[in-house]
Amino acid sequence: MYKAKVIVKRKPSILDPQGTAVEKGAENLGLTNIKDTRIGKYIEFSINVKNEEEAKNEVEKYCSKLLANPIMEDFVYQLEEINEA
Amino acid sequence: MKPKFGVVVFPGSNCDHDAYYVVSKIFNCKTNFLWHKESDLQESDVIILPGGFSYGDYLRSGSIARFSPIMNSVIEFADKGGIVLGICNGFQILLEAELLPGVMLKNKSLQFVCEDVYLTTHNYKTVFTNNILQNDVLKIPIAHGEGNYFADKQTIEKLENNNQILFKYSSKDGKLNTEYNPNGSILNIAGITNEQGNILGMMPHPERCCDPLLGKTDGTKIFNSIINTFNN
């Protein structure tokens with residue numbers, strides 16, 4: 001059993017109006033040093049497979065086909081083995 | 001011969017009944033609803049992917065609907081040249097299914113826009129536009145939060161060279177500039193087709209302006225174009 005932690009980010013070339021809007025909030029808070037706010041997604045799940053290779057295959061398929069849209073997003077992930085209770 | 005329409009219903013579709021009403025009652029075509037869990041297209045000649053918020057727009061608009069069982073049949077149908085019209089969320093689903101190139105980003109304004117817009121037509125020789133007169137500017141409503149069409153440079157060039165950009169947001173008299181762009185989409189793009197021209201995705205809602213009772217009927221020009229194709 002493996003646990004995956006995935007971060008999906010917009011590609012640098014894609015505008016992030018949500019990040020821009022949130023940054024306006026930072027300005028209103030008086031945080032004038034904040035720059036380049038970009039909003040992404042954090043996703044975690046477990047994978048019921050025996051070895052790391054299989055786990056990687058599953059995560060990459062899940063990320064590239066569904067969790068991220070490769071036209072506008074990149075993803076990074078971490079895998080860790082977890083003991084079944 | 002009049003074409004038979006199939007209107008796909010996803011959980012969260014909310015323009016499915018409008019589309020059904022227009023093609024079955026205004027145009028008197030045989031029409032079936034197609035539930036997303038089914039895979040039988042019931043011999044439809046034209047498939048409509050309606051507007052709405054399929055699967056609550058979770059993850060990204062259209063991203064989960066794209067894996068519904070019915071979509072495998074729709075993709076197979078489209079690959080064989082079947083006519084597919086994706087409206088609003090339907091357009092987003094077509095992009096996620098890679099039946100059309102590009103993605104939808106949040107509107108530049110970050111606001112949901114719901115208003116009438118004007119559209120210019122840029123290719124009159126398609127199954128979706130053959131009934132539109134040259135230089136006719138269409139008035140059709142939009143209602144979306146993510147209609148900011150984006151694609152990389154090569155894709156846009158390809159769309160332009162193949163005349164795949166069917167509709168652009170314009171002024172009432174057909175002027176094209178950013179002032180008349182409601183969502184920030186590249187080149188004011190409102191609707192595109194695939195290379196073969198049998199799949200159209202558009203953000204404006206033609207099904208909302210067909211019944212004269214509603215005061216606007218420019219949507220009929222698009223449905224008439226589709227129906228014309230089957231008469232000839």
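This is a predicted model: local features need pLDDT of at least 70, side-chain atom pairs count only at pLDDT 80 or more; totals for chains, interfaces and linings use all residues.
Between which helix and which strand of chain B does Asn28(B) lie? Asn28(B) sits in the loop that links helix 1 (16-26) to strand 2 of chain B, where helices (H or I, at least four residues) and strands (E, at least two) are DSSP runs numbered from the N terminus. Although Asn28(B) is not a glycine, its phi is positive, at about 50 degrees. The residue is exposed, with 10 other C-beta atoms within 10 Å; the classes used here are buried for 20 or more other C-beta atoms within 10 Å of a residue's own, exposed for 12 or fewer, and partly exposed in between, with C-beta atoms placed from the backbone.

Residues are numbered from 1 along each chain as its sequence is written, with chains lettered from A and ligands numbered from 1 in the order in which they are written. The average pLDDT of chain B is 96, and 100% of its residues score at least 70; pLDDT is the predictor's confidence in each residue, from 0 to 100. For the model, ipTM is 0.78 and pTM is 0.92.

Chain B contains 5 helices and 11 strands. Along the principal axes, the C-alpha atoms of chain B fill a box of roughly 45 × 40 × 35 Å. Buried residues account for 53% of the 232 in this chain. Among contacts in chain B with a separation of 6 or more, 77% join residues 24 or more positions apart, a contact being two residues whose C-beta atoms, placed from the backbone, lie within 7 Å.

An open sheet of 9 strands runs through chain B in the order 2-1-3-4-11-10-9-6-7, with mixed pairing; two strands pair if DSSP finds at least two bridges between them. Strand 2 (31-35) and strand 7 (138-144) of chain B each have a single partner strand and stand at the edges, so one side of each is left without a neighbour in the sheet. On average, neighbouring strands of this sheet are turned by 25 degrees against each other, direction ignored; axes are lines fitted to C-alpha atoms, for helices over the stretch in contact, and angles run from 0 to 180 degrees between N-to-C directions. Strand 7 of chain B runs antiparallel to strand 6 (residues 113-121), and 7 bridges join the two. In this pairing, Val117(B) has Ile140(B) as its bridge partner in strand 7 of chain B.

Two further sites in chain B deserve a look. Pro3(B) is placed in the segment before strand 1 (5-9) and counts as partly exposed, with 18 C-beta neighbours inside 10 Å. Although 227 residues separate Pro3(B) from Phe230(B) in sequence, their C-alpha atoms are 6.3 Å apart. Leaving aside residues up to four places away in sequence, Pro3(B) touches Cys29(B), Asp45(B), Val46(B), Ile226(B), Ile227(B) and Phe230(B). Leu110(B) lies in the loop between strand 5 (103-105) and strand 6 of chain B. Its phi is near 70 degrees, a positive value in a residue other than glycine, and Leu110(B) is partly exposed, with 13 other C-beta atoms within 10 Å.

Chain A has 2 helices and 3 strands, arranged from the N terminus as β-α-β-α-β. A compact globule of 85 residues would have a radius of gyration near 12 Å, but the value for chain A is 17 Å. Its C-alpha trace spans about 50 × 30 × 15 Å along the principal axes, and 15% of its 85 residues count as buried. The 3 strands of its open sheet follow the order 2-1-3, with antiparallel pairing. Strand 1 (residues 2-10) and strand 3 of chain A are joined by 9 bridges, and Ile7(A) has Val76(A) as its bridge partner in strand 3 of chain A. Helix 2 (residues 52-67) of chain A lies across strand 1, strand 2 and strand 3, at about 155 degrees to strand 3.

Finally, the two chains meet through 10 residues of chain B in contact with 10 residues of chain A.

How values were computed: The radius of gyration is taken over C-alpha atoms; the globule rule is 2.2 Å times the number of residues to the power 0.38.
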